[in-house]
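Reader: I would like to go through the terms used for this model, with the cut-offs behind each. Please set the values against the definitions.

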Amino acid sequence: MALLPESLTSLVRRGARDPFAVQTLRATVAATLSYAVATRLSSEPAPLTAPLTALLVVQVTVYSTLKTSVRRVVSVVVGVLIAIGFSAVVGLSWWSLGLIILASLVIGRFVRVEEFVQEVAISAMLILGVSRLTSQAWDRVLETLIGAAVGLLFNLVFAPPVWVDTAGESIEDLARRARQLLLDLAEQLGRPTPVARAAERLHEARRLDQAIADVDAALRQAEDSLRFNPRISEGLLSRLVLRTGLDTLEICVVVIRVLARSLTDLAKRRGPEERLFPPGVAVGLEELLAHVGGAMVSFAVLVTTQVSRSAEEAEERLTAELAAAWSCRENVAQVLLRKVQEHPEAWQLHGSMLAEVDRILDELDLEHRSRRLMEELDRASLASRERLSRLTGLRRALRGRRRDGPRDGPRGGRRDGRQRPAAGAGR
């Protein structure tokens, strides 16, 4: 019996961290509320358009909710206007139905309602087929506005969760998978490696490369959750930290894939009975790849950590891993140089391996990281200033047009109708 509350608590916590569970609960409550409001304000006996709109509008984040609300309302209003226009000219027949569908889909593309293009045609068809056209049309618009307003207010009053932690976990998981792949690659360096096994590691590297798309989707959701969220004060900085961190890891994953390809080519050249590297070189490379993998994990923890003390600890670990990796790299370079002089036929593969490791270490460097983050902050600040200047220019133009309205008096006269006195008058 004592375990029941604990298991229930863990279940609730897991549900609170699951986007699907959160979205299901929020959409259900918002749709029910919108139906209750619509039954009081609409003349329709069953105003189901309102809860339908709320279901589509209440997204996981405030930003996506606002964006979906605007597109949904615009699509319904455009569809209603098209139906009213067609009803004034033609009735409902097979050819008029096809024509209104064609017109709605084309106009929907022009008004840029994105995923709600079909909603324009649906609204037009539903309105064209009713007997009370005007009443039904504006009831549908009213129900859509109710559903959109309830969904938007629901997300403003009950702010949706911020998905930064979920995106951070995805980024850290990507880094840990990359580290494990580096360790797997390091295991085969000092032993005979069949081409099939080396190709297996290459396929794993390609799968890791494809996993970036999933992490990018989680990060986009986190970025949307930071926009217009009343609980977030520094959303821009958090978005840029995560985005630049994922960009760095993406470059590292691509380099690891190239590294796996180089080892596969080396396995083809060596044959199934020959080691990829001599024992002395293999030990140094194993240690080097282990430090590179540790640096990637420390980097991921650094960019996803919100607490300053934890961030300092992650930065210290990353600095230590990078220093150890550069030291191992220099030792391996010296040993490889001697081996290449003894066996020059594989110097290109050996040199490319060092170059690929250098690229990863350069990307993870803290100075490179700080410089990249500052560049993104400057770019975002410049874009914000440009938007502000355009709004200011538009406001000034509107004010100037308002001031330069039509004059009351004769040409050259004053606006109050009185003539300007002639030069020298009254002297």
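Author: Helix H10 (235–270) and helix H14 (366–403) each give at least two residues to the lining of the largest cavity. H14 has the largest share of that lining, with three residues. The model is predicted: local features need pLDDT of at least 70, side-chain atom pairs count only at pLDDT 80 or more, and totals for chains, interfaces and linings use all residues. Residues are numbered from 1 along each chain as its sequence is written, and side-chain values use heavy atoms, with hydrogens and water left out.

Reader: What makes a run of residues a helix here?

Author: Helices are DSSP runs of H or I with at least four residues, and strands are runs of E with at least two, numbered from the N terminus. On that basis the protein has 14 helices and zero strands.

Reader: What makes a space a cavity, and which residues line the largest cavity?

Author: On a 1 Å grid over the protein atoms alone, a cavity is a set of points where a 1.4 Å probe fits but cannot get out, and lining residues have an atom within 4 Å of a point. Points are joined across faces, edges and corners, and the volume is the space filled by probe spheres set on them. The search of the whole structure finds one cavity of 30 Å³ or more, and the largest cavity holds about 40 Å³. Its lining is Thr244, Thr248, Glu363, His368, Arg369 and Arg372.

Reader: How is that lining divided by class?

Author: Asp, Glu, Lys and Arg count as charged; Ala, Val, Leu, Ile, Met, Phe, Trp, Tyr, Cys and Pro as nonpolar; the others, Gly among them, as polar. The lining has three charged, three polar and no nonpolar residues.

Reader: Why is Leu263 called buried?

Author: Buried means under 20% relative accessible area, exposed over 50%, and partly exposed in between (1.4 Å probe, protein chains only). Leu263 has 0% relative accessibility, so Leu263 counts as buried. Leu263 is in helix H10. Of the 427 residues in the protein, 41% are buried.

Reader: Why does Val70 count as partly exposed?

Author: Val70 has a relative accessibility of 48%, and therefore counts as partly exposed. Val70 sits in helix H4.

Reader: Which helices supply the nonpolar patch?

Author: Helix H4 (62–87) and helix H5 (94–110) each supply at least two of its residues. H5 gives the largest share, seven residues.

Definitions and conventions. 1 Å grid on protein atoms, 1.4 Å probe; cavity = no way out; pocket = protein on both sides within 12 Å on 5 of 7 lines; lining within 4 Å.
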